[in-house]
Amino acid sequence: MSTSTSCEGAKPQVRPTENGCSAASCVPLVQSEQDVAHMNTDQSQKRFRISNMDCASEESEIRRAVDGIPEIEDLRFDLGASVLTISASQAALPNALQAIRKAGFKPEPIDEADKKPSGTTNASATFWDVWGKLLAALGLALAAEAIAYAFPATTWIKAMGMGIALGAIFLSGFGVYGKGLAALRQGRLNINALMAVAVTGAFLIGQWPEAAMVMALYAIAEAIEARAVDRARGAIKSLLALSPEQAEVRQADGGWLRIDVKSVALNSVVRISPGERVPLDGTVLAGQSAVDQSPLTGESLPVDKGPGDEVFAGTINQASALEVRVTSPASDSTLSRIIKAVEEAQASRAPTQRFVDQFAAVYTPAVFALAVLVAVVMPWVAGITWLEAVYKALVLLVIACPCALVISTPVTVVSGLAAGARRGILIKGGVYLEEARKIKAVALDKTGTITEGKPKLVAFEPIAPDEPEQRVELLAKSLAARSDHPVSKAIARGLAVQAQEVEAFEAVAGRGVQGVIDGHPYILANHRWIEERGQCSATLEARLAVHEEAGRTVTILANRDRVIALFAIADTIKPSSIEAISEMKALGVVPIMLTGDNAATARTVGHLAGISEIRGNLLPEDKLKAIEEFQGRYGVTAMTGDGINDAPALAKANIGFAMGAAGTHTAMEAADVVVMNDDLRRLPETIRLSKRTHVILWQNITLALGIKAVFLLMAIFDDASMWMAVFADMGASLLVVFNGLRLLKAVK
């Protein structure tokens, strides 16, 4: 019998922080009084709202702005809410804020009282602030075009048209100009810098109607794009609405009072009426009901709950009232941890996104240099005027904006993360979403992963004839009741006697449990441990073989001198596991069973599940070594387990999948992907989602670059107007955004 042990002492998997910062030295800068007022020496993490930050390209700008500032641990971006979280030392924070301001952004500290959940919008942003100004700018731009087209080019008409065009540019492009000029001052060529140069240049060479229209169309397309991107993020933000704000709590006088869930203390008793959402994680004290866990786990059928069963915040009570003892505060509920994990996953940058950012950093200056070359060389080569050459160069700058390229990856990755979350698959970063498609082998734990994980005691055989049967049952029940391993729980449930106090109780990883009862030491052990103690005999081996060949797990009760009894436990394979293993094989993935159970039981279960390579009698360190072996033999290897005994192997694997992890802190920490129910079919589903994400990522990159290439050639060798350039750039941006949003559809 392998027992469950706490892995708090295990070293967690270390993953690099995506902060984009190096450890170079930086001269301290003076911070504003407002920043000082909002600093708290007890906190290293501060949140800032940046109203003009809602695009992945702006995220990249901020990352580059703070690059080189030491002691910045992490930057976390919530673009949908325009919120940046900076984890840094008190010495580094003002330097980072100053650098961000120099880049053209205005970070505003968020007070604790003003903290809004991720995904909320700023209530002060009125219709006029967003769409009113843009529509007015478009109207003025159209008026400027009409004046240039319909009236003679007199001085007065030109002055009026230029004034109207300036009004359009001011209404739609003031923020773009601010960020663009800041980038140019620092020698950076970003989207805003290109637009600022292109629009200014067009205005100066007399193309003021086009300058106004380009800026208005660009700003409107940016706003549409931001809303489209927010749709992807909104798919995950909807998690925030799952947990109710109040709970009905039993008072000291026996009455009930509704209070804020944040004020509910541990061990309080809450009442949940039919149809209500569970406000906090807890254990059912009274009542029987069916609970819909699909918001967290993706399970299609409600789960029956009664006294002793766990319920989770955000799930829905359906049939009758439940009284629940609170086991976790609101800040540490399963739902809160899911939201935190998803937010961290959104903040991380996938490999493709890092590649695109690096490519854009080279691509933009290259096209800028090409535009300068066109302006200088084309009059000599093509025999066109200097103004025509400059106009072609400005068109090139508009086409060159890498917005479509930069936005193509994050919106696709976030959509993929959201699609997984909807199905109860919590992927803890874009890197795992992308890498899952490369999985060649999957190591599977047996109990609770392939099998139901709810074994039953099916046989009890006394071995020592002089030990009364009731005494044997009492000893086994007392030891088993102290363990949280499924096999021990099955023994405890199957024995009707009352458990006795156990002293010096200890769980021995991969072997069993031991303790002292009435002054005598006893163990409840698996076959391996009995062999190591030299307590096996030919008779005992024969009895064990009968049960093990039948696919049963045998646990042995022994004292210091002899074996007292054996207990046979049977577990059944989940039908979904057989289907999942078949799907894995169809995907070209090799399934392998790794279990601490005896080899005979492992073979029986493995063959029934359709697995060829089976290894039993494994300790946690043996599973770790097996993962290393499979990585050398197959390549990218995943590990699937319960996140406790399997934590070392989960951390060592290229991708660790924790199964049935609702409410399990260890699984959340050790695994890279958390399956919120115990359905193994979610694993091949994750691989298919990864493959689909990869296809859409490269579709978007190809679309963005392909459209750019076509219009760049048209701008150089044919007639391409600035209008056409804007439609090419923004059209490509919207195309890749909506293509990425296709991932939000459920993947099955």
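**Aromatic pairs, a helix pair and some buried helices**

I will start with a single side chain: Y634 has a relative accessibility of 25%, so Y634 counts as partly exposed. The cut-offs behind that are 20% and 50%, with partly exposed in between. Before going further, note that this is a predicted model.

Some overall figures. The protein has 748 residues, and 53% of them are buried. Its secondary structure comes to 25 helices and 26 strands. Of the contacts with a separation of 6 or more, 70% are between residues 24 or more positions apart.

Now the aromatic pairs. How many does a search of the whole structure find? There are three aromatic pairs. One of them is F460 with F567, which is stacked, at 5.0 Å centre to centre and with 5° between the planes. This pair links distant parts of the chain, as F460 sits in strand β16, residues 456–462, while F567 sits in strand β21, residues 563–570. The two are 107 residues apart.

F567 is at 0% relative accessibility, so F567 counts as buried. Another aromatic pair takes us back to Y634, whose partner is F630: this pair is tilted, at 6.3 Å centre to centre, with 50° between the planes. F630 counts as buried, because its relative accessibility is 0%.

Next, a helix pair. Two packed helices are described by the angle between their axes and the distance between the axes. For helix α5, residues 155–185, and helix α6, residues 191–204, the axes come within 7 Å and cross at roughly 145°. The crossing of α5 past α6 is left-handed. On the α5 side, the contact residues are M162, A165, L166, I169, V176, Y177, K179, G180, A183 and L184. They meet N192, A193, M195, A196, V197, V199, T200 and F203 of α6. By type, the residues of this contact divide into 14 nonpolar, three polar and one charged.

K477 lies in helix α15, residues 469–480. Is K477 buried or exposed? At 14% relative accessibility K477 is under the 20% cut-off, so K477 counts as buried. Setting aside neighbours within four places in sequence, K477 is in contact with A492, L495, A496, V497 and A499. The C-alpha atoms of K477 and I491 are separated by 6.8 Å, and these residues are 14 residues apart along the chain.

Last, A545, which is placed in helix α18, residues 538–549. A545 has a relative accessibility of 33% and so counts as partly exposed. Between the C-alpha atoms of A545 and T601 the separation is 9.7 Å, and along the chain these two are 56 residues apart.

That is what I have for today.

Key. Residues numbered from 1 in each chain as written. Predicted model: local features only at pLDDT ≥ 70, side-chain atom pairs only at ≥ 80, totals over all residues. Heavy atoms only, no water. Phe/Tyr/Trp six-rings, centres within 6.5 Å; stacked < 30°, edge-to-face > 60°. Helix = DSSP H or I, 4+ residues; strand = E, 2+ residues; numbered from the N terminus. Buried < 20%, exposed > 50% of the residue type's maximum accessible area, 1.4 Å probe, protein only. Axes fitted to C-alpha atoms, helices over the stretch in contact; angles between N-to-C directions. Left-handed = near helix turned anticlockwise from the far one by under 90°. Contact = heavy atoms within 4.5 Å. Nonpolar A, V, L, I, M, F, W, Y, C, P; charged D, E, K, R; others polar.
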